[in-house]
Amino acid sequence: MYLLLVEDEATLAESLLGVLVAKGHRVDWVADGRMALSQLATTRYDAMVLDLGLPYLDGRGVLDALRTAPAFQDRQDLPVLILSARDQSSDKIAALEAGADDYLSKPFDVDELEARLFALLRRRLGKTGAQLNWVGIQYDASKRSFACRGHTLAVSPREHAALLALMQAQGVPLTRLALYERVFADDEDASSLDVIDVVIYRLRKKLVPFAVSIQSVRGIGLYLASDAA
Ligand code: CA
């Protein structure tokens, strides 16, 4: 997913950035609240990870602006996960009341941070029909359509189910069985796992023009990756 990380502790931010990028996420990092607002104004993120204690404008101020300022009207439902120091519990409660979706206390586990962000995205997608973005593909839940670089991706219902599952996994490999269950849930005709290979083969061909590929990890599964440099 594409994240905005707002954190003024450079050591923490750099280690977080390293892990998240290694996991396949794209992360923009800024170290103060004013920079956060300028990033939010110009860039569409999937979620924001926001520290509370920040220079110039604190995390609470960033959140208030995002949720209420007219400039952010079309993106005010961006999922926000607050990072807070242990001694800031009253700030934490205030931030949740001001519209944060979740919080983590420092120190925290990066895997937990990632899992919580995925949960926020799924919740948001289910609730508002917002967009899901991964490796340059956008999924519009309200229209049930995929687009890449402004072009609609025409897919069959089975390809739709497979591509959506791969996008929701956000780079985490899915086994053929997991994909099969998503694509052929109630399908009488699908008697063996091999049918999923046909769906994947066709999807791969459709994704080539967009520099997106379905990579496989031997013995583990398939994931969606960007071929763009
Ligand atoms: Ca701080």
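The crossing of helices H2 and H3 is right-handed (a crossing is left-handed if the near helix is turned anticlockwise from the far one by less than a right angle, and right-handed if clockwise). The model is predicted: local features need pLDDT of at least 70 and side-chain atom pairs count only at pLDDT 80 or more, while totals for chains, interfaces and linings use all residues. Residues are numbered from 1 along each chain as its sequence is written, and side-chain values use heavy atoms, with hydrogens and water left out. Helices (H or I, at least four residues) and strands (E, at least two) are DSSP runs, numbered from the N terminus.

**Helices H2 and H3**

- The axes of H2 (residues 33-42) and H3 come within 9 Å and cross at roughly 25 degrees; axes are lines fitted to C-alpha atoms, for helices over the stretch in contact, and angles run from 0 to 180 degrees between N-to-C directions.
- H2 and H3 are therefore roughly parallel to each other (angles under 35 degrees count as roughly parallel, over 145 as roughly antiparallel, 65 to 115 as roughly perpendicular and the rest as oblique).
- From H2, Gly 33, Ala 36, Leu 37 and Leu 40 meet Val 62, Ala 65 and Leu 66 of H3, where contact means heavy atoms within 4.5 Å.
- The contact of H2 with H3 has six nonpolar, one polar and no charged residues; Ala, Val, Leu, Ile, Met, Phe, Trp, Tyr, Cys and Pro count as nonpolar, Asp, Glu, Lys and Arg as charged, and the others, Gly among them, as polar.

**The parallel sheet**

- Five strands in the order S2-S1-S3-S4-S5 form an open sheet with parallel pairing; two strands pair if DSSP finds at least two bridges between them.
- Its edge strands, S2 (26-30) and S5 (102-105), each pair on one side only.
- On average, neighbouring strands of this sheet are turned by 20 degrees against each other, direction ignored.
- S3 (residues 47-51) and S4 (residues 80-84) run parallel and are joined by four bridges; Asp 51 has Leu 83 in S4 as its bridge partner.
- Helix H1 (residues 10-22) lies across S1 (2-6), S2 and S4, and runs at about 170 degrees to S2.
- Helix H3 (residues 59-68) packs on the sheet and touches S3 and S4, its direction making about 150 degrees with that of S3.

**The antiparallel sheet and the hairpin**

- Four strands in the order S6-S7-S8-S9 make an open sheet with antiparallel pairing.
- S6 (131-134) and S9 (151-153) are the edge strands, each pairing on one side only.
- The twist from one strand to the next averages 30 degrees.
- S6 pairs with S7 (residues 137-140) in the antiparallel sense over four bridges, and Trp 134 has Ile 137 in S7 as its bridge partner.
- Helix H6 packs on this sheet, touching S6, S7, S8 (145-148) and S9, and its direction makes about 110 degrees with that of S7.
- S10 (residues 212-217) and S11 (residues 221-226) pair in the antiparallel sense over six bridges, with Val 217 opposite Gly 221 in S11.
- Three residues lie between the strands of the S10 and S11 hairpin, where Gly 219 takes a positive phi near 80 degrees.

- The crossing of H6 and H7 is right-handed, and the residues of their contact divide into seven nonpolar, one polar and two charged.
- H6 and H8 (residues 194-207) pack at an angle of about 75 degrees with their axes 10 Å apart, and are therefore roughly perpendicular to each other.
- In this contact Arg 158, Glu 159, Ala 162, Leu 163 and Leu 166 of H6 meet Val 199, Ile 200, Arg 202, Leu 203, Lys 206 and Leu 207 of H8.
- The residues of the contact of H6 with H8 divide into seven nonpolar, no polar and four charged.

**Two buried glutamates**

- Glu 159 lies in H6 and counts as buried at 4% relative accessibility (buried means under 20% relative accessible area, exposed over 50%, partly exposed in between, with a 1.4 Å probe and protein chains only).
- Not counting residues up to four places away in sequence, Glu 159 touches Ala 154, Val 199, Arg 202, Leu 203 and Lys 206.
- The C-alpha atoms of Glu 159 and Val 199 are separated by 5.9 Å, with the two residues 40 apart along the chain.
- Glu 114, in helix H5 (residues 110-128), is buried with a relative accessible area of 10%.
- Leaving aside neighbours within four places in sequence, Glu 114 is in contact with Met 1, Lys 23 and His 25.
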